[in-house]
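Hello,

Here is the structure I promised to hand over. Have a look at it first, and then read on for what turned up.

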Amino acid sequence: MTAPIPAIEVIEASKSYGSVRAVNALTLSVARGEVFGLLGPNGAGKTTLLSLLQGLRRPDRGQVRVLGLDMATRARDIKRRIGVQLQRTSLLPDLTALQQVGLFARLYGRELSRSGARQLLARVGLEERASSLPVTLSGGQQQRLALALALVNDPEIVFLDEPTAGLDPQARHNLWDLIRALRAEGRTVSLSTHYIEEADALCDRVAILDHGRLLAVDTPGGLTRRPPAAPAAVISKAPSLEDVFLQLTGRAWREN
Ligand SMILES: Nc1ncnc2c1ncn2[C@@H]1O[C@H](COP(=O)(O)OP(=O)(O)OP(=O)(O)O)[C@@H](O)[C@H]1O
Ligand SMILES: [Mg+2]
């Protein structure tokens, strides 16, 4: 029996900006149907890695394969099958929420009925704001609209860059439910987050990144069962995922 094709494969990929190695010889694989989390301090390389997976940037070295296709030669085919919510999304200022959904669907060559577009807005809790222009939406509502736009093409993989940054607890939990629903539909979700409890609660596996390198990748439970880095450390309780994160990435402030 042949092994199933992973949703995402990264093989020794590197990406530099001048002298900054944002992604450094990184290798990882994400199975279909997984919710895969990227954790890392500011500047760790999460957004850059996501941009390679989304075909928005090309690696300087190494290979990125998505849904079994090589991003270097099949980016167009891949992009039809993935959904992308960027860390900072530019919404079109003169279009209502409903119009933006319709426009994005057409950009993907899909005809979405008005009720289909409304249903998509309802999925992100914006059914009441269908006629609103972006400027009248709160930051969290704009983010949820961006997520709706990432779903217009019924994607097999959904990439979310800090999807719950700045959301209130209600919106965050609703978004977690939505992400779980996406997984239940068989989609793969790859997300970055600074909220460790979010990675813990939501992700099947978590990658901890720093300085463009993968420091660890495992289930949240597997990461917290790792042996401590310092054998002399007095462990009074089982480490949390946050303890493991700080142990791996240190406590220094990050400059961007
Ligand atoms: N367009 C760019 N030009 C130059 N340097 C960049 C650019 N984008 C990112 N970098 C640098 O690459 C490194 C990785 O940045 P990246 O945005 O991927 O990190 P991140 O993990 O997403 O951080 P954050 O948590 O703050 O979003 C940082 O040192 C950053 O300053
Ligand atoms: Mg980022």
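To begin with the overall layout, the centres of domain 1 and domain 2, taken over C-alpha atoms, are separated by 25 Å. Please keep in mind that this is a predicted model. The chain is split into domain 1, made of 1–81 + 156–250, and domain 2, which covers 85–154.

The two domains meet as follows. On the domain 1 side, 23 residues are in contact with 13 residues of domain 2. About 1,500 Å² of area is buried between domain 1 and domain 2, and carbon and sulfur atoms give 49% of that area. The count of salt bridges between domain 1 and domain 2 is two.

Two or more lining residues come from each of α2 (71–80), β6 (82–85), α3 (97–107) and α5 (139–150). Of the elements, β6 gives the largest share of this lining, with four residues. By residue class, the lining of the largest pocket holds 10 nonpolar, six polar and four charged residues.

How many salt bridges does the structure hold? The number is 12. One of the salt bridges joins Glu9 and Arg65, whose closest N and O atoms are 3.8 Å apart. Glu9 sits in strand β1 (residues 8–17) and Arg65 in strand β4 (residues 61–66), so this pair ties together parts that are 56 residues apart in sequence. Another salt bridge is formed by Arg187 with Asp154, and here the closest N and O atoms are 2.7 Å apart.

That is what I have for now.

Best wishes

Note on methods: Residues are numbered from 1 along each chain as its sequence is written. Chains are lettered from A and ligands numbered from 1 in the order in which they are written. This is a predicted model: local features need pLDDT of at least 70, side-chain atom pairs count only at pLDDT 80 or more; totals for chains, interfaces and linings use all residues. Side-chain values use heavy atoms; hydrogens and water are left out. Ala, Val, Leu, Ile, Met, Phe, Trp, Tyr, Cys and Pro count as nonpolar, Asp, Glu, Lys and Arg as charged, and the others, Gly among them, as polar. Domain bounds come from an automatic or database domain assignment. Contact means heavy atoms within 4.5 Å. Buried area is the accessible area (1.4 Å probe) that two parts lose on being put together, summed over both. A salt bridge is a side-chain nitrogen of Lys or Arg within 4 Å of a carboxyl oxygen of Asp or Glu.
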